[in-house]
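Dear colleague,

Here is the structure I said I would pass on. My notes on it follow below.

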Amino acid sequence: FKTENRRMKTRDKILIQKYYLNVFNGIFLALGLMLLTFGLWLLFDRNNLFSELFSSGKNQLVAYISCILLGIGSVITFTSAVGFLGNVMENKCLLVTYMSFQILVFVTQMAVSVLIFMKKEEVHNQWNNRIDEVISEYGNESLAEQEPVWNILNAVQHNMECCGRYNVTQWEKNKNKENSTQIPCSCTKSSLKKWFCDVPRDSTYSMGCEEYLNTWFENNVLILTAIAISLLITQIFLITLTGQLCRDISKNNIWPNE
């Protein structure tokens with residue numbers, strides 16, 4: 001009778017652990033799909049300023065980041081499927097495999113998080129330098145392949161009512177104008193569909209776009225960091241729950257033989 005009672009208590013614990021394991025595994029899968037979506041967005045969205053700035057020429061930063069995000073997201077999706085099957089079937093082999101993948105992803109996540117933290121300032125400097133480079137190349141007829149990023153810059157300047165990265169004087173460095181007094185039409189309220197306009201300096205947007213651009217950059221880094229931290233916390237619960245579930249499944253299988 002005591003053995004049967006202990007077996008029932010163990011069985012109840014297993015059912016509770018399975019329930020919570022499914023809940024946290026679902027959260028884990030959702031976060032993994034977020035990383036996949038973020039990676040696909042960076043890779044394929046041509047209206048994305050970050051992608052346009054860093055996916056041309058020798059600078060393939062977007063491709064590297066996308067591959068990392070897609071790789072981690074895919075492993076998380078596969079790992080979640082293994083965990084779900086192991087949980088439903090109460091299969092110790094699948095659960096141990098699941099826990100092993102969790103530890104592997106956890107270590108990878110830690111490494112990526114540290115890398116993001118260490119490289120954030122470097123990427124931010126590259127970001128500002130690349131925007132300055134785009135401003136100097138803007139309107140160059142021999143660089144027609146750069147038009148998508150120029151159009152995005154125009155949209156930023158026009159919608160945010162700003163001009164240049166730090167202010168309108170930055171456009172003086174641009175050598176592609178017909179005369180030195182011209183500025184981009186997007187720096188004014190003009191609706192003309194051309195690169196440069198002849199307008200009085202006092203009718204242009206005087207504020208630079210740096211604050212908006214930096215906010216956009218910081219927000220995206222913050223989203224990625226939040227997802228990474230959420231994944232790490234979720235994985236701690238998952239690894240703990242899976243270990244306890246494996247142990248209780250072993251106990252449950254031993255009772256009848258006593």
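Helices (H or I, at least four residues) and strands (E, at least two) are DSSP runs, numbered from the N terminus. On that basis residues 221-241 are 100% helix and 0% strand, with 30 Å between the end C-alpha atoms. Residues 20-43 are likewise 100% helix and 0% strand, and their end C-alpha atoms lie 35 Å apart. Both spans come from the UniProt annotation "transmembrane region" (unreviewed entry), which also covers 63-86 and 93-118. UniProt positions are in the numbering used here, feature names are shortened, and annotations may be inferred rather than shown by experiment.

The model is predicted: local features need pLDDT of at least 70, side-chain atom pairs count only at pLDDT 80 or more, and totals for chains, interfaces and linings use all residues. Residues are numbered from 1 along each chain as its sequence is written, and side-chain values use heavy atoms, with hydrogens and water left out.

Next, helix H4 and its ends. H4 runs over residues 92-137 and bends by about 50° at Lys-119 (the angle between axes fitted to the seven residues ending there and the seven starting there). At the start of H4, the backbone nitrogen of Cys-93 has a side-chain oxygen of Asn-91 within 2.9 Å. Glu-90, in the loop between helix H3 (61-89) and H4, has a positive phi of about 55° although it is not a glycine. Just after H4, Gly-139 also has a positive phi, about 85°.

Three disulfides are found in the whole structure (a disulfide being a pair of cysteine sulfur atoms within 2.5 Å). One of them joins Cys-162 and Cys-209, with the sulfur atoms 2.0 Å apart. This pair links distant parts of the chain, 47 residues apart: Cys-162 is in the loop between helix H5 (147-160) and strand E1 (183-184), and Cys-209 is in the loop between strand E2 (196-197) and helix H6 (210-254). The torsion about the S-S bond of Cys-162 and Cys-209 is about 100°, so this disulfide is right-handed. Glu-161 lies in the loop between H5 and E1, and its phi is positive, near 55°, in a residue other than glycine.

Regards

How values were computed
A polar contact is a pair of N or O atoms within 3.5 Å; within protein, one must be able to donate a hydrogen and the other to accept it, and residues adjacent in sequence count only if both atoms are side-chain atoms.
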